[in-house]
Amino acid sequence: MALRGVRVLELAGLAPSPLCGMILADFGAQVVRVDRCPRSAMNADVQGRGKRSLALDLKQGPGAAALRRLCRRADVLVEPFRHGVMEKLGLGPKVLLKENPKLIYARLTGFGQSGKYAKSAGHDINYLALSGVLSKLGRKDENPYAPVNLLADFAGGGVMCAMGIIMALYERTKSGKGQVVDASMVEGAAYLSSFLWKSQNLGLWNRLRGENLLDSGAPFYETYKTLDGKFMAVGAIEPQFYEQLVKAFPVKMPFPLYMKTSGGKNPYMPPTTTKLLLHLFWQHEKDWG
C-alpha cells in the first residue's frame, strides 16, 4: 500500500474531513480519529473504514496535552475547525510544528485561513456560490441548484485536502520538513471547475445556464422519464453514438447541428427534438430491447 507506515491523526468533523481520512486509510495509512469527549451521536462516522478512534476533550488541559504527545509521533494531522479554533486551544501549527518539524498540518475549512470569510461558518452550497460554480448548475429558466454536497464538501474539500497531504508528504522526502496544508472548499471547488471557464472559448460553456452541451441544453445529453416511472440517461454526443440512439426509435430524427453552427437559439438541435425525445422515451420502459 502506497501510504503504509504513515501515521495520521484526524480530528473528528463533518463530511469532508472523514472522507479525507478514509482516502488516506484506504491507501494504507494508519488513521486514528480523535473524537470529542464525551462522544455524541453527531460523531457517527459513516466514512470510518480502516480507522481506529479515541476520545479527547481538547478544551481541557489533559486532553490538549495528550493530542500534543500524539502529534510528536504523527506524520499528518487533519483538523476541520474554523480559523483560530486550534490556536485558542494551544494546538496551532506554530506549536505543533515546533514540537514535530516533520508534521503535515492539514487545515480543511470552507473559506481557508485568510480573507474576510475565514472566520465565517458555511455549508457546501455557500462555498459553491462563492466559487462561481453554482452559477453554472441548473436548467434554463430555473434557479441554480447544488448537486447535494458532493462538489464543495467532498471533491473540493476532502479529495483536494487528501491530494495536498500526499504532495506535502512527497515534498518532505526532499526537504525533511513538514508544512501547513490550507485546504479551502471554496478554492477547491473553483479549481475543480477550471474546465468550465477555460472551455468557454471552445463553445462548450459560452451560453446561459441550461443552454450548453452538458447542462441539459442538448437533448442528446439529458435524462428522460420512461413509461415505468424510472429514468433513462442519454449521452450520445458523438455522431456514431447519436446514430445508435436514433435507430432505437421508429421515427426519423434530425441530426445534431452543433458541428455546423454555433448560432441560433439552440446550436445543438432543433427545438422540436427535445419534445420528440420526451414523447418517445415516455412510451418505453427503462430497459427496453
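Helices here are DSSP runs of H or I with at least four residues, strands are E runs of at least two, and both are numbered from the N terminus. Hello everyone, and thanks for coming! The model on the screen is predicted: local features need pLDDT of at least 70, side-chain atom pairs count only at pLDDT 80 or more, and totals for chains, interfaces and linings use all residues. Residues are numbered from 1 along each chain as its sequence is written, and side-chain values use heavy atoms, with hydrogens and water left out.

Let's begin with the overall picture. The protein's secondary structure comes to ten helices and eight strands. Of its 289 residues, 44% are buried, where buried is under 20% relative accessible area, exposed is over 50% and partly exposed is in between, using a 1.4 Å probe on protein chains only. Among contacts (heavy atoms within 4.5 Å) with a separation of 6 or more, 61% join residues 24 or more positions apart.

Now please find helix α1, residues 16-26. How many of the eleven residues of α1 are buried? Ten of them are, so this helix is largely enclosed by the rest of the structure. The buried set starts with Pro-16, Ser-17, Pro-18, Leu-19 and Cys-20, and goes on with Gly-21, Met-22, Ile-23, Leu-24 and Ala-25. Just after α1 comes Gly-28, which has a positive phi of about 105°.

What does α1 pack against? One partner is α6, residues 150-175: the two helices meet at an angle of about 40°, with their axes 8 Å apart. From α1, the contact uses Pro-16, Leu-19, Cys-20, Ile-23 and Leu-24, and from α6 it uses Asp-153, Phe-154, Gly-158, Val-159, Cys-161, Ala-162, Ile-165 and Ile-166. Eleven of these contact residues are nonpolar, one is polar and one is charged. In that count, Ala, Val, Leu, Ile, Met, Phe, Trp, Tyr, Cys and Pro are nonpolar, Asp, Glu, Lys and Arg are charged, and the others, Gly among them, are polar. As a reminder, an α-helix has 3.6 residues a turn, so residues three or four places apart point the same way.

α6 has another partner, α7, and here the angle is about 95°, with the axes 8 Å apart. These two helices are therefore roughly perpendicular. On the α6 side we have Leu-151, Ala-152, Asp-153, Ala-155, Gly-156, Gly-157 and Met-160, which meet Met-185, Gly-188, Ala-189, Tyr-191 and Leu-192 of α7. That contact has eight nonpolar residues, three polar and one charged.

On to the cores. A nonpolar core is a set of buried Ala, Val, Leu, Ile, Met, Phe, Trp, Tyr and Cys residues joined through side-chain atoms within 4.5 Å. The largest one has 34 residues, and Val-8, Leu-24, Val-76 and Ile-165 have the most contacts inside it. Which element gives the most to this core? That is α6, with seven residues. Setting aside neighbours within four places in sequence, Ile-165 contacts Cys-20, Leu-24, Val-76, Val-78, Ala-106 and Val-181. There is also a second, separate core of 18 residues, including Leu-9, Leu-56, Ala-66 and Phe-81.

A few single residues deserve a look. Arg-172 sits in α6 and, at 17% relative accessibility, counts as buried. Beyond neighbours within four places in sequence, Arg-172 is in contact with Asp-75, Lys-102, Ile-104, Lys-177 and Gly-178. Leu-11, in strand β1, is buried with a relative accessible area of 0%. Not counting residues up to four places away in sequence, Leu-11 touches several others, among them Ser-17, Val-34, Leu-58 and Met-86.

Last stop, the loop between α5 and α6, where you will find Asp-141 and Val-148. Asp-141 is exposed at 76%, and its phi is near 65°, a positive value in a residue other than glycine. Val-148 is exposed too, at 60% relative accessibility, with a positive phi of about 45° although it is not a glycine. Thanks, everyone!

Terms used:
Axes fitted to C-alpha atoms, helices over the stretch in contact; angles between N-to-C directions. Parallel < 35°, antiparallel > 145°, perpendicular 65-115°, else oblique.
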